[in-house]
Amino acid sequence: TKNKAGAMGLLHSFYCWGCAAIVLLSTLFFRVAGIENWRILACLWALIPFINTFLFSVVPIRTIEEEKGSGKFSDMLKNPLFWLMGVVMICAGASELSMSQWASAFAETGLGVSKTLGDLLGPCAFAVLMGTSRVIYSRIDDKTDITKILIIGSVVCIIGYLLASLSGNAVISLIGCAVCGIAVAPMWPGAFSIAAKHIPNASTAMFAAFALAGDLGCTAGPSIVGFISGADSDIAKGLLFSVLFPVIMIVCLIFVRLLSKKKNRSL
């Protein structure tokens with residue numbers, strides 16, 4: 001890759017390939033053994049973290065030393081950019097997982113397609129397109145305006161959620177689910193890159209805080225969709241509410257651009 005931002009996107013793409021592999025192999029298992037044997041599949045997938053326990057014990061992990069001049073975490077809490085990027089991370093996680101976690105159930109119950117077709121055209125297509133988009137994102141160079149990329153991605157994400165929840169057509173709704181995979185791809189790695197660029201004296205503690213914020217969004221987003229869907233037994237309404245996440249993200253990114261430009265003029 002051409003820079004750290006590109007490397008971040010490429011590394012995050014492997015998460016997507018893992019998700020796609022899980023869906024494909026799980027679908028194959030259900031076709032062969034039957035969905036009633038899902039407990040066996042759960043035990044088989046449990047082998048992966050079990051094996052990783054031993055792999056991580058022997059793989060050397062480089063300890064990253066803080067660069068000279070890294071600021072205190074308490075000082076970063078006073079920076080409005082830190083809080084804006086924290087909200088961006090929450091929205092990035094929520095935008096991604098709200099669709100990823102509910103696409104299969106939405107396709108099966110809301111659109112009336114089979115579970116096999118719903119899994120392949122829902123979460124699997126979502127993961128494949130997200131991974132492909134992140135590989136493409138990894139080719140960006142230092143001159144690329146990542147903030148603009150994330151704003152465009154948020155707009156496309158809104159369109160995808162609206163297509164999925166409002167079209168009423170199974171094909172168009174599934175296209176909307178897949179489009180979201182393209183849209184959310186640069187959000188997580190891009191947010192890290194923006195923070196590293198605009199927040200001075202960034203420390204590893206800051207990135208840990210942003211990762212925590214992203215995980216909070218990954219938990220809150222699908223949970224909110226579930227609560228809203230359960231109230232009316234309509235997953236489409238829950239997905240429609242998820243439009244709020246990329247909308248908030250756009251607002252925050254606009255303020256990030258304004259504050260960063262103001263700071264650059266003052267230097």
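1. **Ground rules.** This is a predicted model, in which local features need pLDDT of at least 70 and side-chain atom pairs count only at pLDDT 80 or more, while totals for chains, interfaces and linings use all residues. Residues are numbered from 1 along each chain as its sequence is written, and side-chain values use heavy atoms, with hydrogens and water left out.

2. **Confidence.** The predictor's confidence in each residue, pLDDT, runs from 0 to 100. Its mean for the protein is 84, and 90% of the residues reach 70 or more. A friendly reminder: where pLDDT is low, the predicted coordinates should not be read in detail.

3. **Overall make-up.** The protein has 12 helices and 0 strands. Helices (H or I, at least four residues) and strands (E, at least two) are DSSP runs, numbered from the N terminus. Of the 267 residues, 42% are buried; here buried means under 20% relative accessible area, exposed over 50%, and partly exposed in between, with a 1.4 Å probe and protein chains only. Contact means heavy atoms within 4.5 Å, and of the contacts with a separation of 6 or more, 80% join residues 24 or more positions apart.

4. **Nonpolar core.** A nonpolar core is a set of buried Ala, Val, Leu, Ile, Met, Phe, Trp, Tyr and Cys residues joined through side-chain atoms within 4.5 Å. The largest one has 51 residues, and Met-85, Met-99, Phe-210 and Met-249 have the most contacts inside it. Helices that each supply at least two residues of this core include α8 (170–184), α9 (187–198) and α11 (235–241). Its largest share, 12 residues, comes from α5. Leaving out residues up to four places away in sequence, Met-85 touches Ala-191, Ile-194, Ala-195, Phe-210 and Val-256.

5. **Salt bridges.** Which residues pair up? The structure holds 2 salt bridges, each being a side-chain nitrogen of Lys or Arg within 4 Å of a carboxyl oxygen of Asp or Glu. In one of them, the side chains of Arg-134 and Glu-96 meet at 3.4 Å, N to O. Arg-134 lies in helix α6 (residues 115–137) and Glu-96 in helix α5 (residues 80–110), so the pair ties together parts that are 38 residues apart in sequence. Both Arg-134 and Glu-96 are buried.

6. **The other pair.** Arg-257 forms a salt bridge with Asp-145, with 2.6 Å between the closest N and O atoms. Because Arg-257 sits in helix α12 (residues 244–266) and Asp-145 in the loop between α6 and α7 (146–166), this pair ties together parts that are 112 residues apart in sequence. Arg-257 is partly exposed at 21% relative accessibility, and Asp-145 is partly exposed at 32%.

7. **Helix α10.** This helix (residues 204–232) has 29 residues and reaches 43 Å from its first C-alpha to its last, close to the 42 Å expected. The expected span is 1.5 Å times one less than the number of residues. Its buried residues include Met-206, Phe-210, Gly-214, Gly-217, Gly-221 and Pro-222. Just after α10, Ser-233 takes a positive phi of about 55°.

8. Ala-92 lies in helix α5 and is buried at 1% relative accessibility. Not counting residues up to four places away in sequence, Ala-92 touches Met-187, Trp-188 and Met-249. Pro-246, in helix α12, is buried with a relative accessible area of 0%. Apart from neighbours within four places in sequence, Pro-246 is in contact with Ser-95, Ser-154, Cys-157 and Ile-158.

9. **A partly exposed position.** Val-179 is found in helix α8 and is partly exposed, with a relative accessible area of 21%. Not counting residues up to four places away in sequence, Val-179 touches Val-156 and Gly-160. Val-179 and Ala-164 are 15 residues apart in sequence, with their C-alpha atoms 9.4 Å apart in space.
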